[in-house]
Amino acid sequence: MSTPTRYRLDELAARFKLELRGDGARMIAGVGTLATATSGQLSFLANSRYRTQLDGSHAGAIVLRADDAVHCAGACLIAADPYVAFAKIAALFDPTPAAVPGVHPSAVIAADARVDASASIGPHCVIEAGAIIDSGAVLGPHCVIGVDCAVGAQSRLVARVTLVTRVTLGKRVLVHPGAVIGADGFGLAFERDASDHGGWIKVPQLGGVRIGDDCEIGANTTIDRGAIEDTVLEEDVRLDNQIQIAHNVHIGAHTAMAGCAAVAGSAKIGRYCLIGGGAGILGHLNVADGVTITARALVTHSIHSAGEYSSGVPLQESRQWRRNAARFKHLDDLARRVQAIEKELESKESKS
Amino acid sequence: MSTPTRYRLDELAARFKLELRGDGARMIAGVGTLATATSGQLSFLANSRYRTQLDGSHAGAIVLRADDAVHCAGACLIAADPYVAFAKIAALFDPTPAAVPGVHPSAVIAADARVDASASIGPHCVIEAGAIIDSGAVLGPHCVIGVDCAVGAQSRLVARVTLVTRVTLGKRVLVHPGAVIGADGFGLAFERDASDHGGWIKVPQLGGVRIGDDCEIGANTTIDRGAIEDTVLEEDVRLDNQIQIAHNVHIGAHTAMAGCAAVAGSAKIGRYCLIGGGAGILGHLNVADGVTITARALVTHSIHSAGEYSSGVPLQESRQWRRNAARFKHLDDLARRVQAIEKELESKESKS
Amino acid sequence: MSTPTRYRLDELAARFKLELRGDGARMIAGVGTLATATSGQLSFLANSRYRTQLDGSHAGAIVLRADDAVHCAGACLIAADPYVAFAKIAALFDPTPAAVPGVHPSAVIAADARVDASASIGPHCVIEAGAIIDSGAVLGPHCVIGVDCAVGAQSRLVARVTLVTRVTLGKRVLVHPGAVIGADGFGLAFERDASDHGGWIKVPQLGGVRIGDDCEIGANTTIDRGAIEDTVLEEDVRLDNQIQIAHNVHIGAHTAMAGCAAVAGSAKIGRYCLIGGGAGILGHLNVADGVTITARALVTHSIHSAGEYSSGVPLQESRQWRRNAARFKHLDDLARRVQAIEKELESKESKS
C-alpha cells in the first residue's frame with residue numbers, strides 16, 4: 001500500500017529530542033520487539049527487569065533509559081520514558097493511508113447537514129439532518145451520524161460508527177468500528193395496574209452525549225445519551241472495546257478503562273483513574289480522582305480517596321475451589337462460632 | 001430540528017388525569033431535573049427522601065406525590081406514581097422527528113420481500129428474500145433484515161440493526177443500533193479422532209427468534225436463534241445494551257435486564273424478573289417469576305421462588321483485599337480447624 | 001424460501017456410516033427434539049440419563065448409542081457419538097440459501113482489491129485497497145474489508161463484519177454479524193508533564209490479526225490487531241458472541257470460548273481449552289493445553305497443567321449473602337484469631 005518510510009537514527013534523535021549513542025547514520029525503516037527486530041528496525045526497553053533481552057537483540061537501535069544504556073552494545077536513543085518515546089517514533093511507521101478529502105458518491109447526506117470541505121466521508125456513510133462534520137474529520141465506511149450530532153475537527157471514525165442523536169465529539173477524537181454513541185439510556189418506569197401487575201413505561205431520553213478532545217472509544221463500545229442532562233466524557237478519556245457507559249455518567253479527564261468495563265447510570269468517575277478490564281461501577285456512585293480499580297472488581301460504594309481497590313476471589317483448581325466456595329455460604333456462621341469459642345475460652349481464663 | 005412544543009399546565013393535568021395545584025396557565029416547554037429546570041420546564045420528585053430539593057428548584061411545575069405536595073411552594077401536578085407520570089409527560093417533548101413513509105432509493109429490497117406502504121425504510125437498508133415489514137414500522141439507516149424475518153407493526157429499528165434469519169418481532173418493538181438478533185447459536189459437537197484428538201463439528205442452528213410486543217433491545221445486544229426450536233422473549237421484555245442471550249433461552253413477560261447481563265443456552269427466566277447489570281445465568285436453569293438478581297451475580301442453580309439473590313465479595317482497598325482473598329483459598333481448611341477446636345472443647349467439657 | 005429436502009433413513013445411514021435399526025424406507029424431512037419431533041423428523045439421544053424420553057417421542061427415527069438402542073421401540077441410527085452424527089445429518093436440513101457468485105452493484109470495491117470470480121459480495125459491502133477475497137468466499141450485506149485484509153477460500157462473513165486492517169482469515173472461517181477484527185489494540189503510554197500531571201500518548205498498533213482455517217467468530221466479538229506482531233488464532237478456534245480478544249493474544253487450535261469471555265493483551269492460551277462464558281484471562285499469562293475455565297472465573301496467574309479451574313462465590317438469597325460477604329472483609333482477621341485459639345489450646349495442652 002504505502003511507500004516504505006526510512007529515517008536516519010540521528011534524524012530521529014533530533015526530532016524527538018533524545019540523546020543518541022552509536023551510529024547516527026543507521027537507517028530505521030520500522031519497529032520491532034527486542035526479540036524480533038532486525039538491523040533496520042528500532043526497538044525499546046521500557047522495564048529494566050527485561051534488561052537481559054538486550055544481549056540477544058538484533059535491533060538496529062534501541063530506545064531505553066540512561067541506566068540501561070550501559071548494557072546496550074549497539075546504537076541507542078536515551079529517553080526519560082522509553083515507552084512514550086517509542087510510541088511517538090513508531091507513529092512515523094504507521095502505514096494507515098491518509099484519508100482523501102471529499103464525499104464518496106454512495107454517502108447519503110441530509111440537505112441541512114454541514115460537512116467541511118476538508119473532511120473525508122467514506123462509502124455508504126449516512127449523515128442526517130442538522131449534523132456537523134468539522135474540518136479534517138474522517139469518516140470511514142458505513143458511519144451513521146444522526147440528527148443534531150457534531151464531529152469535531154481532525155476526529156476519525158474508523159468505520160461503522162453510529163452517533164445516534166445529540167452527540168458532540170471534540171477535536172481529534174478516535175472512534176473504532178461498531179461503537180454506538182448516543183443510544184437511548186435505559187430508563188423505565190414500572191406502571192403497576194389494579195391487579196398489582198403492570199408493565200414498563202419508557203422514560204424518554206432527552207439528553208445527549210458530550211465527548212471531549214483527544215478521547216478514544218473502542219470497538220463495539222456503547223455510550224448512552226442522558227435522560228435529561230448529558231452523558232459526559234472530559235478530554236483524553238480512553239475507552240477500550242466493549243465498554244458500556246450508561247446514561248448521565250460523567251468521566252473525568254485522562255481516565256482510562258480496559259475492555260468490557262461497565263459504568264451504571266449517573267456514576268461520576270474522577271480524573272486520572274485506571275479502571276481494569278471487566279470492572280463494574282454501580283449507579284449514582286462517586287469515584288475520586290486517581291483511583292485504580294483492578295480487573296473485574298465491582299465498585300459497590302463511592303470511593304473518596306485515591307488508591308487501588310479490588311474485589312473477587314482467587315482462581316483455584318475446581319475441586320479445591322468448590323470446597324472453599326461451599327464454606328463461603330456459611331461464613332457468617334463460622335465467624336459467630338469463632339466468637340463463641342473466644343468467649344468460652346475467655347470465661348474459662350477468668351474463672352481459673 | 002423540530003418546532004418547540006409548549007403546553008399549558010392545566011392541559012397537561014387534564015391529559016394525564018393528574019390533580020393540578022397552582023397556576024394552570026403556566027406554559028411548559030420541556031423538562032429538567034429539580035436542580036436545573038427553569039420556569040418554563042417541568043420536573044419531578046419520585047422519592048420523598050429528596051424532598052429538600054424542592055426548596056431550591058426553579059422548575060415551572062413539579063410532578064410529585066400528594067404528601068410531598070405540601071412542601072412545594074410552586075405549581076405542581078399530583079400523581080400516585082410521579083415517575084410514571086413524568087415519563088408520559090416527557091414523551092411529549094421528545095424531539096425525535098417522525099419517520100417519513102417510503103423506501104430510500106439506496107435501500108436494497110428483495111423482489112419477494114413485502115414492505116408495507118406505511119413503513120419507512122432508511123438509507124442503505126437491505127431486506128432479503130421472504131422478509132416482511134409491517135405497517136408503520138421504521139427502519140433507520142443501515143438495517144439488515146435477513147431471510148424470512150418479520151418486523152411487526154409500529155416497530156422501530158433505530159439504525160444498523162441486524163435480523164439474521166427466522167426472526168419475528170412483535171408490534172412496537174424498539175431495537176437500538178448494533179443489536180444482532182438471530183445469529184447462529186453456539187452449538188458445537190466435539191468429534192474425537194483415533195489419536196484421542198479431534199476437532200469441532202458445527203451443529204446447525206435451525207430454529208429462530210420470537211420477540212413479543214413492546215420489547216426493547218439495547219445497543220450491541222445479541223440474541224441467538226435456537227438450535228431446533230426458537231429463542232423466545234415474551235411481551236414487554238426490556239434488555240439494556242451489550243446483553244447476550246444464547247440459543248433457546250426463554251424470557252417471561254415484563255422482565256428487565258440491565259447492561260452486560262448474559263444468559264446461557266436453554267435457560268428459562270420467569271415473568272417480572274429484574275436482572276442486574278453484568279449478572280449471568282448458566283445454561284438449562286429455571287428462574288421463577290418475580291426474581292431479582294443483583295448486579296454481577298452469577299446464577300449457578302435454578303431459583304424456585306421469588307426474592308432477591310446475590311453473589312460476589314465486597315470491594316476493598318487492594319492491600320486488605322489481597323489478604324482476605326489469600327485466606328479464601330484455605331477457607332475449607334479454616335472451617336475444619338474450627339470444627340476441630342469445637343470438638344476438643346466439647347470433649348474437655350464432658351470430661352470436666 | 002428453500003425446497004423441502006427429504007431423505008430415506010437407509011440413505012442417511014449409508015451416507016454417515018451408521019447402523020440402521022428398523023424401517024429404512026421411512027422418509028426424513030427435518031429434525032426435532034425428542035419431545036417435539038414428528039414422524040417425519042429425526043431426533044437424537046446424546047445422554048443416556050434422558051433415556052426415559054425415548055418412550056414418549058414421536059420422532060420418525062432417533063440417533064443414539066447402541067446401549068440406548070435397546071430401549072427404542074422405533075427406527076434408529078446407532079452412532080458412537082450421537083451428537084456428532086446428529087450435527088452432520090441436521091446440516092442437510094439447513095435452509096440457508098447458497099450464495100450466488102458475483103458482486104452486488106451497490107458494493108464499493110477498490111481498484112486494486114482482488115475478488116475471486118467465484119466469491120459472492122453482498123449489497124453495500126466495501127472492499128478497500130489491497131484486500132483479497134478468495135474463491136468461494138461469501139460476504140453478506142454490509143461487510144467492510146479494510147486495507148490489506150484477506151478472506152480465505154470458502155469463508156463466510158454472514159453480514160456486517162468489519163475487518164479493519166492487516167487481517168488474514170484462513171479457509172472456511174465463519175464470522176457472525178457485528179464482529180470487528182483488527183481494530184487498534186489498546187496501547188497507551190502515559191506522558192507525565194512537569195507538574196506531575198500529563199496525558200495519554202497513543203502507541204500505534206502496527207501488527208495484524210491471523211485467523212486459522214475453520215475458525216468461527218461470534219456476533220459482536222472483537223479481536224484487536226497486534227501492537228508490533230500479530231494477534232493469532234490457530235485453526236478451529238471457536239468464539240461465541242461478545243468475546244473480547246486484546247492485542248497480541250495467541251489462542252491454540254481447537255480451543256472454544258463461550259459468550260462474553262475476555263482475554264487481555266499478550267496472553268497465550270493453549271490448544272483444546274474450554275473457556276466458560278464470561279471468564280476472563282489477564283494479560284501476559286500462559287494457559288496450558290487442555291485447560292477448562294468455568295463460567296465467570298478470572299484467571300489471575302498462569303496455568304501450567306491441564307485441568308478445571310474456577311473462581312467466584314456461590315449465589316445466595318441476598319439477606320444471607322450480605323452477612324457472609326460482610327465477613328469476607330475480615331477473613332484474614334478471622335483466620336488469625338483461629339490461629340491464636342489453636343496456639344492457646346496447644347499451650348494449655350502442653351502445660352497440663
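Which residue of β6(A) does A:Leu42 stand opposite? Please start there and then show me what lies around that spot.

Modeller: Happy to! Keep in mind that this is a predicted model. A:Leu42 stands opposite A:Ala61 in β6(A). Let's look at the strand that holds A:Leu42: β5 of chain A, which covers residues 41-44. On one side β5(A) carries A:Gln41 and A:Ser43, and on the other A:Leu42 and A:Phe44. These four residues are all buried, and both faces of the strand are covered.

Now for the neighbours of β5(A). Strand β6 of chain A, residues 61-64, pairs with β5(A) in the parallel sense, over 3 bridges. Strand β4 of chain A, residues 30-31, also pairs with β5(A) in the parallel sense, here over 2 bridges. Within that pairing, A:Val31 has A:Leu42 as its bridge partner. Chain C lets us step back to a whole sheet. There, 5 strands form an open sheet with mixed pairing, in the order β2-β7-β6-β5-β4. Its edge strands are β2 (19-21) and β4 (30-31) of chain C, each pairing on one side only. One of the pairs is C:Gly30 with its bridge partner C:Gln41 in β5(C). Helix α4 of chain C, residues 82-90, packs on this sheet and touches β4, β5, β6 and β7 of chain C. The direction of α4 makes about 135° with that of β6(C).

Definitions and conventions
Residues numbered from 1 in each chain as written. Chains lettered and ligands numbered in written order. Predicted model: local features only at pLDDT ≥ 70, side-chain atom pairs only at ≥ 80, totals over all residues. Pairing = 2+ DSSP bridges. Contact = placed C-beta atoms within 7 Å. Axes fitted to C-alpha atoms, helices over the stretch in contact; angles between N-to-C directions. Buried ≥ 20, exposed ≤ 12 C-beta atoms within 10 Å, placed from the backbone.
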